[in-house]
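The following exercises concern a single protein model. Please inspect the sequence and the coordinates before working through the solutions.

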Amino acid sequence: MSAIEIIKFPDPILREKSRPVTDVDGLLQGIIDQMVETLYEVPGLGVAAPQVGKSLSLFVYDMTLKEGEKQKLTVLMNPEIVSREGEEIAEEGCLSIPDYWEKVKRSSRILVKGIDRHGKEIRIEAEGLHARLIQHEIDHLNGVLMLDHLSSLKRNILLRKIKKAKKTG
Ligand code: NI
């Protein structure tokens, strides 16, 4: 088992709406293991299944990654935001849109429900960066990218930058 390369914008799979996970089987566990391995090799806090080419409602994250420790892995499948409160604007990045950070408005506190890797129902209360990360990953499962949250002016600047980078890189 090895890490998978992160799929970059504008690959169309990033725009697909993911299928809910229905079978918690060995095949799924293999995909999760690969995603976890990928998570710990990339410079990000979370990886959503579409970013590794699987159109499944599943993401993995670890908020402790910043300290370089692997101690708080969360696997969340079929997530649903039950409630949200407040709003905050902060800089965000995405592994599928490398080397780009921009301010995005998100709910400051959320309650999410879903299932863990064994199919057991879980609920997560999150705020601040944790809430932001979950909202970002759930967006990925719906085919939404952070650039969709930008003003058209900022989005156009970003799109031009990506085009330019492609030409020179
Ligand atoms: Ni992302």
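**Exercise 1.** Which protein donors does the nickel ion have, and how far from it do they lie?

*Solution.* The model is predicted: local features need pLDDT of at least 70, side-chain atom pairs count only at pLDDT 80 or more, and totals for chains, interfaces and linings use all residues. Residues are numbered from 1 along each chain as its sequence is written, and side-chain values use heavy atoms, with hydrogens and water left out.

Step 1. Donors are N, O and S atoms within 2.8 Å of the metal (3.2 Å for Na, K and Ca); water is not among the atoms, so sites may look incomplete.

Step 2. Cys94 (SG), His136 (NE2) and His140 (NE2) meet this criterion, at 2.1 to 2.3 Å from the nickel ion.

Step 3. Along the chain, the donors show the spacing C-x41-H-x3-H. Cys94 belongs to strand S4 (residues 88-94) and His140 to helix H2 (residues 128-141), so this pair ties together parts 46 residues apart in sequence. Helices (H or I, at least four residues) and strands (E, at least two) are DSSP runs, numbered from the N terminus.

**Exercise 2.** Determine whether Cys94 and His140 are buried or exposed.

*Solution.* Buried means under 20% relative accessible area, exposed over 50%, and partly exposed in between (1.4 Å probe, protein chains only). Cys94, at 8% relative accessibility, is buried; His140, at 1%, is likewise buried.

**Exercise 3.** Describe the overall fold.

*Solution.* The protein has three helices and seven strands, arranged in sequence as α-β-β-β-β-β-β-β-α-α. Its C-alpha trace spans about 45 × 40 × 30 Å along the principal axes. Of the 169 residues, 47% are buried.
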